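I opened this model to look up its cavities and its nonpolar cores. My notes follow.

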Amino acid sequence: MGLAFDADGVLWVTGGTLYERPGFIWRVERGGAVRQWCELPDATFMNGCTMHPNGRMLLACESSSGHILAIDLGQPRRCDVWLQGDRLRPVVPRWPGSNGIKIRQGWAWITVSGRRLLVRVPIQPDGSAGAIDSAAARLSADDFAFGMSGSLYLTTHPENTLVRLDPSGARTTLAGPEQGMVGSTACAFGRAPGDEKALYVTTDGGFLIPHESGIQDAKLVRMEVGESGWPLLQGV
């Protein structure tokens, strides 16, 4: 459901059987070896994740409870609740609460899909979370990526679009079903030379919530958006 690279190129992965306990965190080495890092006995909907700026923790969304979990990357099986609150919880059964999470300039930004909210939380000097602040409302969002300008590029999943949210608050729909966004779930900027201003969007083709035209093939869609992405590991 979620993945993030650490500064050493190790890939950390969240997942499990949807709506069933337990959830899992896996570690994937650069050479491809896979190791189960920890089992999360109460988790039924593991989701987006990102590296904590200290480089020693993975922050992961557990969408059923809305909790943001902190997984210790130095000690297997060690996990704590990093952040919780009413605004992170889902309001409809089986609809995700906290979903996507990214770090930028000392703040953790989190989409709360079931509440159509985007919130942000300051990261304190000791690495703990501060108070939850609402950043945008009436915003259906799943995963997202930051551009260098501070704009957020958000996949809207059931709304089948890619939306840009500017620092001013202005919203622009960049693509819809006609551009392949049916079931848009996650996005990330290109990293290769000449590809930095391309945003890659994964879709499920409407598998969970079918489009009016029916279920389509899942896709990887590439879009030029005119700016590069914010470094995911800045500050680590």
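I took a cavity as a set of points, on a 1 Å grid over the protein atoms alone, where a 1.4 Å probe fits but cannot get out; lining residues have an atom within 4 Å of a point. Volume is the space filled by probe spheres set on the points, with grid points joined across faces, edges and corners.

The model is predicted: local features need pLDDT of at least 70, side-chain atom pairs count only at pLDDT 80 or more, and totals for chains, interfaces and linings use all residues. Residues are numbered from 1 along each chain as its sequence is written, and side-chain values use heavy atoms, without hydrogens and water.

I searched the whole structure and found two cavities of 30 Å³ or more.

I listed Lys 102, Ile 103, Ala 145, Phe 146, Trp 230 and Leu 232 as its lining. Strands β9 (98–104) and β13 (144–146) each give two or more of these residues; strands are DSSP runs (E, at least two residues).

Next, the cores. I counted a nonpolar core as buried Ala, Val, Leu, Ile, Met, Phe, Trp, Tyr and Cys residues joined through side-chain atoms within 4.5 Å. Buried means under 20% relative accessible area (1.4 Å probe, protein chains only). The largest core has 18 residues; Ile 110 and Trp 82 are among those that touch the most other members. Another core, of 16 residues, lies apart from it and includes Ala 43 and Met 46.

Note on methods: On a 1 Å grid over the protein atoms alone, a cavity is a set of points where a 1.4 Å probe fits but cannot get out, and a pocket is an open set with protein on both sides within 12 Å along at least five of seven lines; lining residues have an atom within 4 Å of a point. Helices (H or I, at least four residues) and strands (E, at least two) are DSSP runs, numbered from the N terminus. Buried means under 20% relative accessible area, exposed over 50%, partly exposed in between (1.4 Å probe, protein chains only).
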